[in-house]
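Please take a moment with the sequence and the three-dimensional view that follow, and then read on for a guided walk through them.

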Amino acid sequence: MTGTIKTMIAEKNFGFITPEDGSKDVFFHATGLTGVEFADLRVGDAVTFEIEQSEKGPRAVSVTRV
């Protein structure tokens with residue numbers, strides 16, 4: 001999937017991605033990044049990702065900046 005980073009909480013190393021398909025925002029954590037460091041991402045960056053089900057609901061994994 002593709003989307004845009006909507007929010008980032010640097011102190012906690014997580015944020016939310018707004019998918020391009022208009023579906024609900026998806027949680028992501030620094031541990032789900034691939035080929036990019038959390039500190040290098042910015043709100044508004046375009047990213048690709050996959051969705052995985054976790055105990056707390058869907059989350060983005062394999063997050064890569066486009």
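Strands, like helices, are read here as DSSP runs, with a helix being a run of H or I of at least four residues and a strand a run of E of at least two, and both are numbered from the N terminus. Ser62, for example, is found in strand S5. This is a predicted model, in which local features need pLDDT of at least 70 and side-chain atom pairs count only at pLDDT 80 or more, while totals for chains, interfaces and linings use all residues. Residues are numbered from 1 along each chain as its sequence is written, and side-chain values use heavy atoms, with hydrogens and water left out.

The protein chain has zero helices and five strands, and reading along the sequence gives the pattern β-β-β-β-β. Its C-alpha atoms fill a box of roughly 25 × 25 × 20 Å, taken along the principal axes. A compact globule of 66 residues would have a radius of gyration near 11 Å, and the 10 Å of the protein chain agrees with that; the radius is taken over C-alpha atoms, and the globule rule is 2.2 Å times the number of residues to the power 0.38.

The accessible surface of the protein chain comes to about 4300 Å², of which 51% belongs to carbon and sulfur atoms; such areas come from the Shrake-Rupley method with a 1.4 Å probe, and for residues only the protein chains shown count as cover. A residue is called buried under 20% relative accessible area, exposed over 50%, and partly exposed in between, again with a 1.4 Å probe and protein chains only. Of the 66 residues of the protein chain, 29% count as buried. Contact means heavy atoms within 4.5 Å, and among contacts between residues at least 6 apart in sequence, 42% join residues at least 24 apart.

Leaving aside its neighbours within four places in sequence, Val63 is in contact with Ile17, Phe28, Gly32, Leu33, Thr34, Val36, Val47, Thr48 and Phe49. The C-alpha atoms of Val63 and Asp40, 23 residues apart along the chain, are separated by 13 Å.

Val61, also placed in strand S5, is buried because its relative accessible area is 17%. Not counting residues up to four places away in sequence, Val61 touches Gly32, Phe49, Glu50 and Glu52. From Val61 to Asp21, which are 40 residues apart in sequence, the C-alpha distance is 17 Å. Ser62 is partly exposed, with a relative accessible area of 34%, and its phi is near 55 degrees, a positive value in a residue other than glycine.

Asn13 lies in the loop between strand S1 (2–9) and strand S2 (14–19), and it is partly exposed, with a relative accessible area of 34%. The loop between S3 and S4 holds Gly44, a partly exposed residue with a relative accessible area of 48%. Although Gly44 and Lys6 are 38 residues apart along the chain, their C-alpha atoms are separated by 6.3 Å.

Where on the protein is the largest pocket lined, and by which residues? On a 1 Å grid over the protein atoms alone, a pocket is an open set of points where a 1.4 Å probe fits, with protein on both sides within 12 Å along at least five of seven lines, and lining residues have an atom within 4 Å of a point. The lining consists of Phe16, Lys24, Asp25, Val26, Phe27, Ile51, Ser54, Lys56, Gly57, Pro58 and Arg59. The elements that give two or more residues to this lining are strand S3 (26–29), strand S4 (46–54) and strand S5 (57–65), and the largest share, three residues, comes from S5.The largest pocket has a volume of about 290 Å³, a volume being the space filled by probe spheres set on grid points that are joined across faces, edges and corners. One of the lining residues is Ile51, whose place is in strand S4 and which is partly exposed, with a relative accessible area of 39%. Not counting residues up to four places away in sequence, Ile51 touches Met1, Val26, Pro58 and Arg59.
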